[in-house]
Amino acid sequence: MKPCTQCGRCCTYDRFMLSLQATAEDVQRWIEEGRDDILQYCDMITSPVTGADLWISPRTGNEMPRCPFVRKRRNLPIYDCRIYETRPEVCREYPKEVHHMQSVDCEMLEDGDTDADVARFMGREAGAEVGAAPDNDTDEIEKNP
Ligand code: SF4
Ligand code: SF4
């Protein structure tokens, strides 16, 4: 296993985006933090809320093919998470399994790595995925719709 390069593939891969869900704790945290900017992309699963489907376009009502909070850094092949400090649990836990990583050609994976290697690495390197965004350093051309 190697450190995350912030290549952005996991946050811009449509098949991952179609399966992403927030936990009830994620939703409650965003409500308490007043994060309407995040909640507008959530489709609550039940009431009272037990979770939410992510990321749903408030404009079309459809699931988005890439996360609305991922941004490419200006003139660099590096992607940042604009909600890193409060990103959903599913993102905090990524990567979890080798086959998920293989499907996006994740640059953390090395030949021979197993699910156990991933778990060990994540235990040492919690939060290894697209990192926090620096201020005023994103490429607007790469913005999501
Ligand atoms: S976790 Fe893997 S796919 Fe995602 S940004 Fe990091 S290196 Fe790229
Ligand atoms: S880590 Fe951030 S940018 Fe990536 S899918 Fe999660 S919320 Fe979006």
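Mentor: A residue counts as near a molecule if its C-beta atom, placed from the backbone, lies within 6 Å of it. By that rule 10 residues surround ligand 2, the closest being Cys 11, Cys 67, Val 70, Cys 81 and Cys 91. This is a predicted model, in which local features need pLDDT of at least 70, side-chain atom pairs count only at pLDDT 80 or more, and totals for chains, interfaces and linings use all residues. Residues are numbered from 1 along each chain as its sequence is written, while chains are lettered from A and ligands numbered from 1 in the order in which they are written.

Trainee: Which residues of helix 2 are called buried, and why?

Mentor: Helices are DSSP runs of H or I, at least four residues, numbered from the N terminus. Helix 2 covers residues 24-32, and Asp 26, Val 27 and Trp 30 are buried there. They are called so because a buried residue has 20 or more other C-beta atoms within 10 Å of its own, whereas an exposed one has 12 or fewer.

Trainee: How do you know that these residues share a side of helix 2?

Mentor: They cover an arc of only 95° around the axis, taken from the directions from the axis to the C-beta atoms, so they lie on the same side. The face turned away carries the exposed Glu 25, Gln 28 and Glu 32.

Key. Helix = DSSP H or I, 4+ residues; strand = E, 2+ residues; numbered from the N terminus.
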